[in-house]
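Biologist: Hi, I'm new to this one. Can you put it up on the screen and walk me through a few spots?

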Amino acid sequence: MLYSFEDCIGKTFPVYNKATYNTLLALTNPLNSYSIIIDEQLLELKDFHDIVSFIKKEFWGDCFPLTEHNKPITFIPICNLDSYKHQGLNSVTEITIAINSETNISDLFPIQKQIPYIYQSNSYKEIELELLKEFIIKLPSDVIINITGGNIFEYSKFKELYSFLSCYNNTKYFFRKEYINKNWNIKNSSMFFISPKTYDESICAKYDLPDMSFHFIIENEEELNLAISFKQKLKNANMTIQPFWNKNDGFFEKFVFFERNDLLLQNRSKSDIYINKNINKNFYGNLFIDPYGHIYTSYNLPSIGTYTSSIKQILKKAISPCQAWHLTRTSRTCTNCIYQWFCPPISDYELFLNKIKPCK
C-alpha cells in the first residue's frame, strides 16, 4: 500500500512480479532518499506501470529517462477544479466576515488592505444577515469564523447573528478597543489597539483571559518597544504585534523584511517546500466577505463573487493562479531566486505594496 500523509490518499496494489516488489522495497528505503535507478524492462510490467501512474498523480515524483544529456525533472500533482467540485465549500477552512464598516477613514491607507480585521468604507454599510446565514450554512461545521468590521456591536442584527453562530465552536470576534461593549461577554475575542499609545492598562488587566487576544498595530520602533513591554505584563491573554505600512520604509526594512540568514536558520522539510510550490499557506482555504456581500481571497485582489454566487463560480475563481490561494513565488522578482520555496508565502503586505519581494 502507498499512502500520502499530506493528502490522506492511499491505495493498495497487487504485485505479481518479484522485480517490481524488490524495486518498491528499494524505493521506500530512506537510505536511497526515495530515488532509485531502474531497469527499463520494468516499464513493460503492468503492475509497475500502475504504481508509477499513482505516484505521478498523487505524490511528488515520477519516472523519467536518465542520460548524460537529461537532468531529472520532478512532476508534481496539479490542483484541478474537479477535486474542488467534489469537496465543494469544504475546501474553505476559515472565513472572515466584515458585518459592517467603519466610516472613520482618516488613515491614508485602508487598514483592511494590510490587516483584514477592521473594515473601512466611505459610508456605513451593514451585511444582509439572512443571505449571510444561507451562505454560512453551506460551509463545513468546523470552519473558523472571524466576525469583524467597524464597531461590530453597532450592527443592528448583532444579537441575532451571535445567537446563530453560537452553534459554531470556532467563532471569534474582532473589535477596536474604542468600541468595547461593557456588557459584552468577552469569550473568544480579539481587541485591537491602533497604536500602543492607546493602551489602557485597566482594560487589559480586566480582560487578561486565556480566550482573549490583544492586537497592537505599530508603525515605528518606539511603538514596537512599547508593545513588547506591554506584552510582558500579560499573564493569560495572547498578544499579536502587527506592523502597519504608512510610508515608513525604514521601519519595514529594519524589522519586517528578512535577510538570507533568516531563511537559512529555518528548518524547512520536504513537505514545506512542496506546499510552498503549490499553495499559499497565508491564504489557502480562507475567504473574506465585506459588508456588501462581496467575497475575496484577499482584499488586495479582485472579488471572486458574492455570497449569492454559485459554489462552482466561487471555487473556480478562488483557485485561479491570479488569486491568493495558489499565489506562489513563480513570478516577478522571485522567479529565478534559489530561495523562492524557502521563503514565507506572499503576504497581504506584499500585495498592498505591489512589491513581491519580502527580503532585503
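Biologist: How many aromatic pairs does a search of the whole structure find?

Modeller: The search finds 28 aromatic pairs. Rings of Phe, Tyr and Trp (its six-membered ring) pair if their centres lie within 6.5 Å; planes under 30 degrees apart count as stacked, over 60 as edge-to-face and the rest as tilted. One of them is Phe 158 with Tyr 162, a stacked pair at 6.4 Å centre to centre and 15 degrees between the planes.

Biologist: Where do Phe 158 and Tyr 162 lie?

Modeller: Both are in helix H5, four residues apart, which is about one turn of the helix. Helices (H or I, at least four residues) and strands (E, at least two) are DSSP runs, numbered from the N terminus.

Biologist: Is Phe 158 buried or exposed?

Modeller: Phe 158 is buried, because its relative accessible area is 9%, while Tyr 162 is partly exposed at 35%. Buried means under 20% relative accessible area, exposed over 50%, partly exposed in between (1.4 Å probe, protein chains only).

Biologist: Which aromatic cluster are they in?

Modeller: Phe 153, Phe 158, Tyr 162, Tyr 173, Phe 175 and Trp 184 form one aromatic cluster.

Biologist: Before I go on, what kind of model is this?

Modeller: It's a predicted model, where local features need pLDDT of at least 70, side-chain atom pairs count only at pLDDT 80 or more, and totals for chains, interfaces and linings use all residues. Residues are numbered from 1 along each chain as its sequence is written, and side-chain values use heavy atoms, with hydrogens and water left out.

Biologist: Back to H5, then. Which residues in helix H5 are buried?

Modeller: In H5, residues 158–165, the buried ones are Phe 158, Leu 161, Phe 164 and Leu 165. Seen down the axis of H5, they fall within an arc of 125 degrees (taken from the directions from the helix axis to the C-beta atoms), so they line one face of the helix.

Biologist: And what covers the buried residues of H5?

Modeller: The cover includes helix H4 (129–137), strand E4 (144–148) and strand E5 (171–176), with contact meaning heavy atoms within 4.5 Å.

Biologist: How far apart are Glu 130 and Leu 161?

Modeller: They are 31 residues apart in sequence and 9.5 Å apart in space, C-alpha to C-alpha. Glu 130 is in helix H4 and is partly exposed, with a relative accessible area of 43%.
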